[in-house]
Amino acid sequence: MTSTVITSMAQRMRSCPITGLKVDINAERLIKVNAVVAVVCFLLGAVAALGLVLTRWQAVHYLSVQMYYRFLTLHGLNMLIFFIIFFEMAVLYFAGPVLLNARLPAPKWGWFAFLLMVVGAVLVNVMVFSGQADVLFTSYPPLRAASWYYLGIILFAVGALIVTFLFLAALHYAKKEGTYKGSIPLVTFGALTANIIAIITLVHGALIYIPAYLWSLDLISLDPQVYRLIFWGLGHSSQQINVAAMVSIWYLLAGMTVGGVVLNEKISRTAFVLYILFISMASAHHLLVDPGMGPAWKVWNTSYAMYLAVLASLIHGFTVPAGIEMGQRIRGFTQGKFEWLRKAPWSDPGFSGMIISIIIFGFMGGITGVTIGTEQINIMAHNTLRIPGHFHVTVVGGTALAFMAVTYYLIPLIFKKRVAFWGMARWQPWVFGVGISIMAIGMSFMGGFGVPRRHWDITATGAPFPLEFHPAVDLLQAVFGLGGIIAVAGALMFIVIAVVSVFFGKPFSEESVTTKASGVPQGILALPAQAHSGGAVTRAHRDGTPGTVILTFIFFVCFVVYYFINWKLLTFLWRIG
Amino acid sequence: MSSEMHSGIVSPEGNWWVPAGPQERRWVKLSFAWCMVLFAMMPLWHLKGGQNPSGIRARVNPADFQARAERFIEEYKVSDEKGFPVVKPPPGADLYLIARMWQWTPVMILKKDVEYTLHLSSLDVNHGFSLFPINVNIQVIPGYDYALKVTPNKVGEFRVICNEFCGIGHHIMIGKVVVEE
């Protein structure tokens, strides 16, 4: 009996020649299908994005009013929900069973969950395409979509919820069956954080989409303010799933690309726990100028109880680059303060994508987010283009780019294919990162001039009173438009590379490593040492990370300056109270 | 400090609850101090600052809000512009601005450096009050009366842009406010 169990389990596992990890075949297949569907959703979202950029750029103004809002709905849902969450499901299967050498328990539930998510996503997309859900991503009642739309979201969320429980089950059995020694790796711990936040988030989703579904059937009534409160318990908390998943991927890629180390497990793990503790408060960011809540509620919640979740991100903002620096110093790049950075493997898209993601997320996304999420400063930012200007450098320049970077490692390791168009792949993170940054800068400054988000025509043709923006807005629109086109080009490059690699790519094998074949990232050709001891560690402790200290100090100064400039700008407004 | 070191994909063994290095500790302390500054700024601005979205907040039946606003318009109406009533309320008055698909009613003429109580609500879906060009943005939700004390500080003609998606005519929902000496 026991031997048949062992044999059947052995048949379900393969051994990875690069990392030595035992990989559960079902987990691997589920990673593949979830990642592939994620890329399909990303393609839909990217095509929609092009339409949006070419419409908001008033000089082009391509889409009709109806199609603009339809594309906007499509873009938000496919990017922020379907692409991201399908990819996160792949991350969970990878960081759980695969990294822990463990089996995936109850794989049939994994397939059932995948089916539910696909059916949900298809249903929502059909409703949007057919014009029965022109309600944008937020679907604030009393705006109403067809009932099937809400049902689609519910099916998708239930599927995702099943996967989060499968991940917990995989952790449980890995522990019980002793597939690893000591504690779970930091990357898995980060994924566990994302997983717990996902459960919190999806419960909020159920709490709001089930009533919304019943409301769409005219069975109950729904308060618009209560909807906004609980919806953002889903809408913003889900961004914290992204943050936790993205930071985990930073740690993963830091290790795989340059042997980046964990400076201190206690600090990094405590930072992850801070995310979990203060996450549901994130809903408040969206309600700072709403009539339903008072100032004390707004101040306490928008600050995540005194900015302790922001503290978590500030900590990772130091420990990730410092871990990279220390790993590089152990590998011998010890000259001066920045040899470790200069001589890093910049032509590896796994490495460059990770670094660009860290810079964009921290410098641009983090600073703008904390600032415009301040109760009073939000008066100048709410629903202007500053808001999408902010989240395109967190969730797109940060999370999506980190997902792209890790894809260059997943293609050989999981899909067992070499990366196609390797020359283009080296450029892709740069094109995408630069494009999205330029676009977001254009958006943020336009928002500063009062340009609204989610708006088809800021020349307000047909309005009773003429509307004319500052001439600088025309220039900013061109900046935004060009940045957007470059970003879409970067996104399409990624899609072409991923699809061609996965479906038509040359196979990846141990031989590809010995012959140093093209299309294999350097971290896979020669995986850096993942653990060190003895003199190297003593030296690393003694030298510290002087380069990172300088970089984080520059970051800190930028943060302080940007923050207080915004308070100064606020004083020019009317008195409001 | 520990005598071994590993990446984030390695399972740490033994006790890893050990003190961090001096640079990391310093960064955590600096970050924590900064977070406290970020937090303190908001209550401080409530005490000392002039721009707070506090307001007087109440639930209101949309029909009741409409009735109050129509009384307000009737009382202070001075003319019509493009089919919209223009009102010139006395200093310190309660102002009522109706948001509905896809117009802001009425047009208001206000005095500089005088405090008014501006009531905002919607008769149908969510709308966004965005005062252009000074960039004051407030959410307008049906069923809720958001009354803000406002004091115009500049003379001129302002627009009210709707900046919450409210349907196909969202972009033509432009209102007008005039501030005089």
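Me: In this predicted model, which residue of β12(B) stands opposite B:Phe132?
Reply: B:Arg159 of β12(B) stands opposite B:Phe132.

Me: What makes β9(B) and β12(B) a pair?
Reply: Pairing takes at least two bridges found by DSSP. Strand β9 (residues 127–132) of chain B and β12(B) are joined by four bridges. Therefore they count as paired. The two strands run antiparallel.

Me: How do you know that β12(B) also pairs with β13(B)?
Reply: Six bridges join β12(B) to strand β13 (residues 174–180) of chain B. The cut-off is at least two, so this is a pair. Here too the strands run antiparallel.

Me: Why is strand β12 of chain B called mostly covered?
Reply: A residue is buried if 20 or more other C-beta atoms lie within 10 Å of its own. Five of the seven residues in β12 (residues 156–162) are buried, so the strand is called mostly covered.

Me: How do you know that a strand pair joins chain A to chain B?
Reply: Strand β3 (residues 531–533) of chain A and strand β1 (residues 4–6) of chain B share three bridges. At least two are needed, so they pair. They run antiparallel. A:His532 has B:Met5 as its bridge partner in β1(B).

Me: How many residues does each chain give to the contact?
Reply: Chain A gives 90 residues and chain B gives 79. On the chain A side, helix α11 (residues 304–330) supplies the largest share, 10 residues. By class, that side has 52 nonpolar, 28 polar and 10 charged residues.

Methods:
Residues numbered from 1 in each chain as written. Chains lettered and ligands numbered in written order. Predicted model: local features only at pLDDT ≥ 70, side-chain atom pairs only at ≥ 80, totals over all residues. Contact = placed C-beta atoms within 7 Å. Nonpolar A, V, L, I, M, F, W, Y, C, P; charged D, E, K, R; others polar. Buried ≥ 20, exposed ≤ 12 C-beta atoms within 10 Å, placed from the backbone.
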